[in-house]
Amino acid sequence: MSEHSTEHTRVDHGAENIDSALPLTAGPTLMPSDAASRQPGDKVLCEACPVLCHITPGRTGACDRWGNVEGVLTRVDPIVLVERGSADGEEQAVFVTGVGAGTTYPDYKPAPFIVASEHDGVDMVTVVTEGIFSYCSFKVKIDTDRFLGPEQANLRHNGEIVGHVTTAEYGSQMLSIGGVHHLTGGSRREGRITCEMMAALGNKQAIEFSIDGGARVIVQAGQAPLVDGVKESRMRVGCGSATIGIFAKQWQGLVDEVVVVDDHITGVLSEHQAGRCLGMRPSGIELRGRRSTPGRYFKVANPGTGWGGTDISDPLSIIQDFDPALSWAGLRLLMVSTTGEHAAYFVLDAALRPQLAAMPGNVRDVVERIAQNCEPALSSVLFVGGAGGSLRAGVTQSPVRLTQSIKDALVNVTCGGAPAYVWPGGGITVMVDVARMPERSFGTVPTPAIVAPIEFTLSLADYRALGGHMDSVVPLAEVLARASKRLIRLDADNPWPLGAKALLG
Ligand code: SF4
């Protein structure tokens with residue numbers, strides 16, 4: 001279990017009558033607690049987290065994850081098993097995930113399931129638990145050029161600050177959501193709202209945020225974002241300069257000038273290296289903003305939700321003038337955004353003023369090709385959790401050896417069977433795409449902290465060598481026999497967790 005940062009209060013939920021009725025029809029996973037956990041008066045003590053609920057019969061504890069079923073402490077959700085194969089002669093295999101596995105506490109107790117299995121003739125072990133994470137957050141990538149809010153702006157959910165806008169990436173705005181400071185460092189309400197929001201976001205639900213000085217955005221893993229109520233459909237093909245570079249040749253001969261409007265780098269074809277290489281005649285167009293390099297302009301407007309992530313609705317507003325020494329009457333000008341969503345065609349009149357004109361079909365074809373080359377805009381939600389704390393004691397008696405073994409690629413770390421990226425440097429900071437995790441992978445405990453599945457898979461020999469809890473290793477068949485289970489197919493994007501090359505030498 002990770003370090004717990006909040007109250008270690010003993011809560012008698014039976015006495016306070018705030019526990020929940022147990023959904024006995026849900027087919028609970030029976031996880032008998034230690035005999036020592038039994039309490040007089042048929043209450044059971046749940047030791048799966050520091051809250052230490054005393055649960056009356058037929059009720060669940062404060063997190064609704066554990067209940068008292070006829071005097072037995074019971075994890076009420078079934079454990080999730082990932083299944084691979086069974087068709088086309090492929091060997092059928094099952095992987096035990098941490099979803100529904102439960103947690104042991106205090107941390108020195110072995111993890112709830114330490115499962116022996118075989119893969120390609122190698123004896124393997126998977127240590128399975130539901131980690132309780134005080135140190136965790138979500139990094140969210142939102143594929144849009146639209147301005148969501150200034151970097152470092154606060155992000156609110158139900159009025160509480162739960163994160164912030166962080167550094168934008170190529171074609172995407174980035175949010176950093178949750179984290180230990182919001183879970184533990186603010187008011188109780190901030191911690192509770194943050195915790196509930198994080199679990200829902202991890203469970204692929206749609207969450208609405210408002211950004212101070214910016215937009216309202218609805219984020220859902222794997223779905224298109226909604227910005228101020230408008231569904232984003234396209235991710236830009238590139239910045240303005242890149243769009244010029246991609247389509248320059250296709251515009252040659254059809255127009256005399258193209259301006260690709262972009263909040264970051266607006267491109268001007270004739271001046272851009274792409275236009276020069278094609279021998280284009282300078283058009284004499286003069287843009288607002290700051291010229292970075294030839295044909296590449298910064299800050300032509302303010303950020304916003306208009307053309308190319310700027311605040312403009314009239315593209316001519318970014319044109320300062322046309323140089324009479326270079327421009328000519330009849331000059332054909334296309335102005336377009338980086339997604340092709342906005343486009344307008346102009347012809348210069350005798351006074352060198354751009355006049356809106358009907359866009360020729362062959363010019364429109366290239367504009368539509370920009371749109372066709374855009375990828376669908378999505379929200380990507382990545383969970384980041386710190387597993388380098390006391391959670392390691394459930395795996396081995398020498399925690400640092402687990403950390404070292406992960407760094408040495410002897411241990412494959414997965415979350416709900418989904419591959420986890422382990423950050424370099426100290427600790428075990430894992431990052432995983434929640435879209436690849438099973439449904440309802442995340443939960444909460446009221447410390448407050450997030451519950452998330454984590455599995456460590458390694459060879460039996462390596463597990464023994466790093467001081468693993470060998471007495472607690474059980475065969476897969478035994479786990480299958482004792483647990484009510486939810487069997488799901490391996491996500492098509494996920495590699496087989498037992499099959500990581502490094503593990504098999
Ligand atoms: S909050 Fe949940 S996990 Fe924690 S002690 Fe209570 S029932 Fe157990």
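**Figure 1. Ser-327 and its surroundings.** The side chain of Ser-327 reaches the backbone oxygen of Ser-283 at 2.5 Å. This close-up, like the others here, comes from a predicted model. Ser-327 sits in the loop between β26 (319-322) and β27 (332-337). Is Ser-327 buried or exposed? With a relative accessible area of 9%, Ser-327 is buried. If neighbours within four places in sequence are set aside, the contacts of Ser-327 are Ser-283, Gly-284, Ile-285, Phe-322, Leu-348 and Leu-352.

**Figure 2. Helices α4 and α6 packed together.** Two packed helices are described by the angle between their axes and the distance between the axes. Here, α4 (residues 240-251) and α6 (residues 361-372) pack at about 150°, and their axes are 10 Å apart. That angle makes α4 roughly antiparallel to α6, because angles over 145 degrees count as roughly antiparallel. The crossing of α4 past α6 is right-handed. Which residues make the contact? From α4 come Thr-243, Phe-247, Gln-250 and Trp-251, and from α6 come Val-366, Arg-369 and Ile-370. By type, the residues of this contact are four nonpolar, two polar and one charged.

**Figure 3. Ser-241, elsewhere on α4.** Ser-241 also has its place in helix α4. Ser-241 counts as buried, at 10% relative accessibility. Leaving out neighbours within four places in sequence, you will find Ser-241 in contact with Ile-265, Gly-267, His-272 and Arg-296. Keep His-272 in mind for the next view, where His-272 is a contact of Pro-294.

**Figure 4. Pro-294 beside His-272.** Pro-294 belongs to the loop between β24 (290-293) and β25 (296-298). In sequence, Pro-294 and His-272 are 22 residues apart, while their C-alpha atoms are 5.4 Å apart in space. Beyond the residues within four places in sequence, Pro-294 is in contact with Glu-271, His-272, Gln-273 and Arg-276. Pro-294 is partly exposed, and its relative accessible area is 32%.

Figure 5. Gly-191 is part of helix α3 (residues 188-202) and is buried, with a relative accessible area of 1%. Not counting residues up to four places away in sequence, Gly-191 touches His-182, Leu-183 and Pro-448. A further landmark is Ile-161, 30 residues from Gly-191 along the chain, with 9.7 Å between the two C-alpha atoms. Pro-448 itself lies in the loop between β36 (443-445) and β37 (449-459). Is the peptide bond from Thr-447 to Pro-448 cis or trans? This bond is cis, with omega near -5°.

**Figure 6. Two loop residues with positive phi.** Most residues other than glycine have a negative phi. Lys-299 is not a glycine, yet has a positive phi of about 50°. The loop between β25 and β26 holds Lys-299, and at 63% relative accessibility Lys-299 counts as exposed. Ala-409, likewise not a glycine, has a positive phi of about 65°. Ala-409 is placed in the loop between α7 (399-407) and β32 (412-415). With a relative accessible area of 37%, Ala-409 is partly exposed.

**Figure 7. The whole protein, for orientation.** Of its 505 residues, 55% are buried. Among contacts with a separation of 6 or more, 67% join residues 24 or more positions apart.

How values were computed. Residues are numbered from 1 along each chain as its sequence is written. This is a predicted model: local features need pLDDT of at least 70, side-chain atom pairs count only at pLDDT 80 or more; totals for chains, interfaces and linings use all residues. Side-chain values use heavy atoms; hydrogens and water are left out. Axes are lines fitted to C-alpha atoms, for helices over the stretch in contact, and angles run from 0 to 180 degrees between N-to-C directions. Helices (H or I, at least four residues) and strands (E, at least two) are DSSP runs, numbered from the N terminus. Angles under 35 degrees count as roughly parallel, over 145 as roughly antiparallel, 65 to 115 as roughly perpendicular and the rest as oblique. A crossing is left-handed if the near helix is turned anticlockwise from the far one by less than a right angle, and right-handed if clockwise. Contact means heavy atoms within 4.5 Å. Ala, Val, Leu, Ile, Met, Phe, Trp, Tyr, Cys and Pro count as nonpolar, Asp, Glu, Lys and Arg as charged, and the others, Gly among them, as polar. Buried means under 20% relative accessible area, exposed over 50%, partly exposed in between (1.4 Å probe, protein chains only). A polar contact is a pair of N or O atoms within 3.5 Å; within protein, one must be able to donate a hydrogen and the other to accept it, and residues adjacent in sequence count only if both atoms are side-chain atoms.
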